[in-house]
Amino acid sequence: MNDRAGRRRARRMAIGTAVVLALAGMNGPWLYRFGSEKYHQYKIDKQEYKAENGRWEIVDFPEKYRQNTIHAALLHTGKVLLVAGSGNDQDNFDAKQYDTRIWDPVKGTVKKVPTPTDLFCTGHTQLANGNLLIAGGTKRYEKLKGDVTKAGGLMVVHNENPDEPITLPAGTRFTGKENGKTFVSKDPVLVPRAKKNFDKETGEFLGNTPGYGRTYVEAQKEGAKHQTGTQDNYTVQGLSGEDARNTYGIAEKLALDKKDFQGIDDAFEFDPVAEKYIKVDPMKEARWYPTLTTLSNGRILSVSGLDDIGQLVPGKNEIYDPETKKWTYTDKVRQFPTYPALFLMQNDKIFYSGANAGYGPDDVGRDPGIWDVETNKFTKVPGMSDADMLETANTVLLPPAQDEKYMVIGGGGVGESPKASEKTRIVDLKADSPRFEDGPSMDKGTRYPQASILPDDNVLISGGSEDYRGRGDSDILEARIYDTAKNELRRVADPLVGRNYHAGSILLPDGRLMFFGSDPLYGDKANTKPGEFEQRIEIYTPPYLYGENPQPELAGGPQTIEHGESGTFTSKDAASIKKVRLIRPSASTHVTDIDQRSVALDFETDGDKLTVTVPESRNVVQAGWYMLFAVTADGTPSKAQWVQVP
């Protein structure tokens, strides 16, 4: 190389270096759109950038431990339960291959756990004893209209015998009196005896109300000619005498229409210490896509879901008692779409944000409001913007929980609608007349946004897609931190992985967040390439863990603190602690996480001692295990100490 060429090369290198250094002085997530991959990596690795925007990284799971994670819950052992069931995979379902993993984020280990049935699209919530209640799941996958070869549908079986119930086995044949067509039941059905009715004043017998049961039936043979067009009464084959006279079926149209998923009534408690499922009494109703909400007495309310016939449970809600391990119906009925966002309020009532994850009529049970379960009174809460786009919205109880303010984030139109909302809406339930008001907007309409409470009282909002299940390559690779004090959204580092349907997020005990799942319909903008389930786990480390000061220490202290009582912990950083938060561990699925809440604790410091007091209200602090975080003035949280509030 001659001297002139060498000088030109040196000059070009100097100019290039100067440009890179100049660009490196600029901060902001918008830089993700510029420069080479090498510069991008250089940028996000800079300490100043991480302290402002945080950092994302992908967890390296060995291939044999990967699965289509649908549900995730943080256990009080510090490990994360990852539940796939059949993982929205018909082949897995047919092969009865149901998956569960336990991931230890500290040790980095993954363990397979035997899964007793298909817990795909189940409901779950944390129990007071630290177990996770899991109820419902999948009995049958949906069949789209073009895939249905045998006409079928719901058969309602009536029993007019007031003295005896009757059980019909799977394979029972029903023949229409008018249409002459025969249909076969897929499952056994128990039909209760008829109810005798008497006049309350005179005692006069007024007649019987038939008992009834329901079963799914299909035509004996394939083809459109076996469909029916109208309601008919059906004779039950194989019965004789009184049974034949008292028992009959009634069915509406039995056709080749799309068949929805069917639910199961199975229920389990997952024991985090033994790391196994424990079967408990089944629910009264089969449920697919149910919501489980903890009440102030520690019992669990189970609401909505598709039943064993594939129809929306008609408002028949029930309660699980962790002491007896049994379920009982509530006195009155109220219907909601599937996976409704239902939260316990401080006055014992239930707040329904209007957010949900799908199935159900577009004009029934979709208005947000306050529900008194005991009286069944429902009071609507007005002011919701984009009220027709609450399906696939996320709802979060803003910290601290005592303020009783909720945020509803994004959402879309009912069903497979392409409509999506960029709105956030906030309601103060302590106001004299609660009303939704718009919060700061996201810059894109967002379905399936993930939202996680942070120990510094802010909320991370990330991911989602602009269209139904990420159609049209519409995943949103953006994240924002919502500042609850300023009511502002601030853009932070962009995630590496798109997340839409079947995705969620979990706050970990060290202050980081994990993200799982995503189930796009398609893998390209033209919607021609089938989508692939996202099996990668991603971790977001918030800016508060990249600050100048290290995490404050927190140690010692009791593992149990009663309501209204205090506990003392040790911290050499006690003097710098400005807030203490008790955060309930998440149980997340389908943009629904009823469990997460952050409770402000009163505290006192004395030297290296930090004494905290748990509120008396069981509606503010539901019984169970919590992460206790101590937070400094700059928002840096300690690693959590686990505390049980019995």
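Guide: Let's start with Arg 469, which counts as buried at 13% relative accessibility (buried means under 20% relative accessible area, exposed over 50%, and partly exposed in between, with a 1.4 Å probe and protein chains only). Arg 469 sits in the loop between strand E35 (459-462) and strand E36 (479-483); strands (E, at least two residues) and helices (H or I, at least four) are DSSP runs, numbered from the N terminus. Although Arg 469 is not a glycine, its phi is positive, about 50 degrees.

A word on what you are looking at: this is a predicted model, in which local features need pLDDT of at least 70 and side-chain atom pairs count only at pLDDT 80 or more, while totals for chains, interfaces and linings use all residues. Residues are numbered from 1 along each chain as its sequence is written, and side-chain values use heavy atoms, with hydrogens and water left out.

Glu 275 also has a positive phi without being a glycine, near 55 degrees. Its place is the loop between strand E20 (267-271) and strand E21 (276-280), and at 13% relative accessibility Glu 275 is buried. Another positive phi, about 65 degrees, belongs to Lys 325, in the turn of a hairpin that E24 and E25 form with four residues between them. Four bridges join E24 (residues 318-321) to E25 (residues 326-329), and these strands run antiparallel; two strands pair if DSSP finds at least two bridges between them. Asp 321 has Lys 326 of E25 as its bridge partner. For another backbone detail, look at Pro 399 and Pro 400, which are joined by a cis peptide bond with omega of about -5 degrees. Pro 400 belongs to the loop between strand E30 (394-397) and strand E31 (405-409).

Aromatic rings come next, with 25 pairs found across the whole structure. Rings of Phe, Tyr and Trp (its six-membered ring) pair if their centres lie within 6.5 Å; planes under 30 degrees apart count as stacked, over 60 as edge-to-face and the rest as tilted. Trp 56 and Tyr 540 form a tilted pair, because their planes stand at 40 degrees, with the ring centres 4.6 Å apart. Trp 56 lies in strand E1 (residues 55-59) and Tyr 540 in strand E40 (residues 537-541), so distant parts of the chain, 484 residues apart, are linked. Phe 61 and Trp 103 make another tilted pair, with centres 5.9 Å apart and planes at 55 degrees. Phe 61 is in the loop between E1 and strand E2 (71-74), and Trp 103 is in strand E4 (residues 99-104), so this pair ties together parts 42 residues apart in sequence. Phe 61 is buried at 6%, as is Trp 103 at 4%.

Finally, six strands form an open sheet with antiparallel pairing, in the order E41-E45-E44-E42-E46-E47. At its edges stand E41 (566-570) and E47 (641-645), each with a single partner strand, so one side of each has no neighbour in the sheet. Within this sheet, six bridges join E42 (residues 577-583) to E46 (residues 624-632), and Arg 581 is bridged to Phe 629 in E46. Leu 582 is also in E42 and counts as buried at 1% relative accessibility. Leaving out residues up to four places away in sequence, Leu 582 touches, among others, Val 599, Tyr 626, Leu 628 and Val 645.

Conventions
Contact = heavy atoms within 4.5 Å.
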